[in-house]
Amino acid sequence: MDPTLQATVDRHSLHHGLIVDVLERLSDELLGFTCGRGMGTLGKQFLHIADVEVSYTEALGTRRMDFARPAVDHSLESSQRDLLVFLRSAEQRLRSTLRELTQGDLETIRIDWTRTHQHYADGLPVHSHLEALIEHEILHEGELVVYMRSLGLELPPSWKILGLVR
Ligand code: NI
């Protein structure tokens, strides 16, 4: 894999790992917790994050970013085990899709984001598309902090990298 892309893939794996580490600490019961108005359940957060990874991965194939895809199976939201499987398989699918791209693909592919962000109207190269995914996941990491703090739960030791654990 292209070394620059590999570094970004590794950075994505790091953030993905932080999210998995939180989910591993939770019970099915805790997944039903919600912080307040406009905030879905904690389980919905993880389902959304996995679905976001799938959306970005599919866009690498279709060359078009589309959040209005068929609905995900919401029954997964209440099962820690099912969410872990979905989350892990989403990342594996992303990695294998990226591995299949040639150097030529990396130079020429432009992903159409016009359905979502006008300022990406010229299309995002693969690398920027992956950066956008990382930014999206970091937003949800911030939300997970709110859920965990509201529950009075410690963040996993791995979160030390973000300065959130002593
Ligand atoms: Ni989101």
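Mentor: A definition comes first: helices (H or I, at least four residues) and strands (E, at least two) are DSSP runs, numbered from the N terminus. Read in sequence order, the protein chain has the pattern α-α-α-α-α. This is a predicted model, in which local features need pLDDT of at least 70, side-chain atom pairs count only at pLDDT 80 or more, and totals for chains, interfaces and linings use all residues. Residues are numbered from 1 along each chain as its sequence is written.

Trainee: How many helices and strands does the protein chain have?
Mentor: There are five helices and zero strands.

Trainee: At what angle do α1 and α3 pack?
Mentor: Helix α1 (residues 3–24) and helix α3 (residues 80–99) pack at about 175°, with axes 11 Å apart. Axes are lines fitted to C-alpha atoms, for helices over the stretch in contact, and angles run from 0 to 180 degrees between N-to-C directions. Therefore α1 is roughly antiparallel to α3 (angles over 145 degrees count as such).

Trainee: Which residues of α1 and α3 meet?
Mentor: Leu5, Val9, His16, Val20, Leu23 and Glu24 in α1 meet residues of α3 including Leu83, Leu87 and Arg95. Contact requires C-beta atoms, placed from the backbone, within 7 Å.

Trainee: Changing topic, what box do the C-alpha atoms fill?
Mentor: The box is roughly 50 × 35 × 30 Å along the principal axes.

Trainee: And what percentage of the residues is buried?
Mentor: Of the 166 residues, 24% count as buried, that is, with 20 or more other C-beta atoms within 10 Å of their own, all placed from the backbone.

Technical notes:
Parallel < 35°, antiparallel > 145°, perpendicular 65-115°, else oblique. Contact = placed C-beta atoms within 7 Å. Buried ≥ 20, exposed ≤ 12 C-beta atoms within 10 Å, placed from the backbone.
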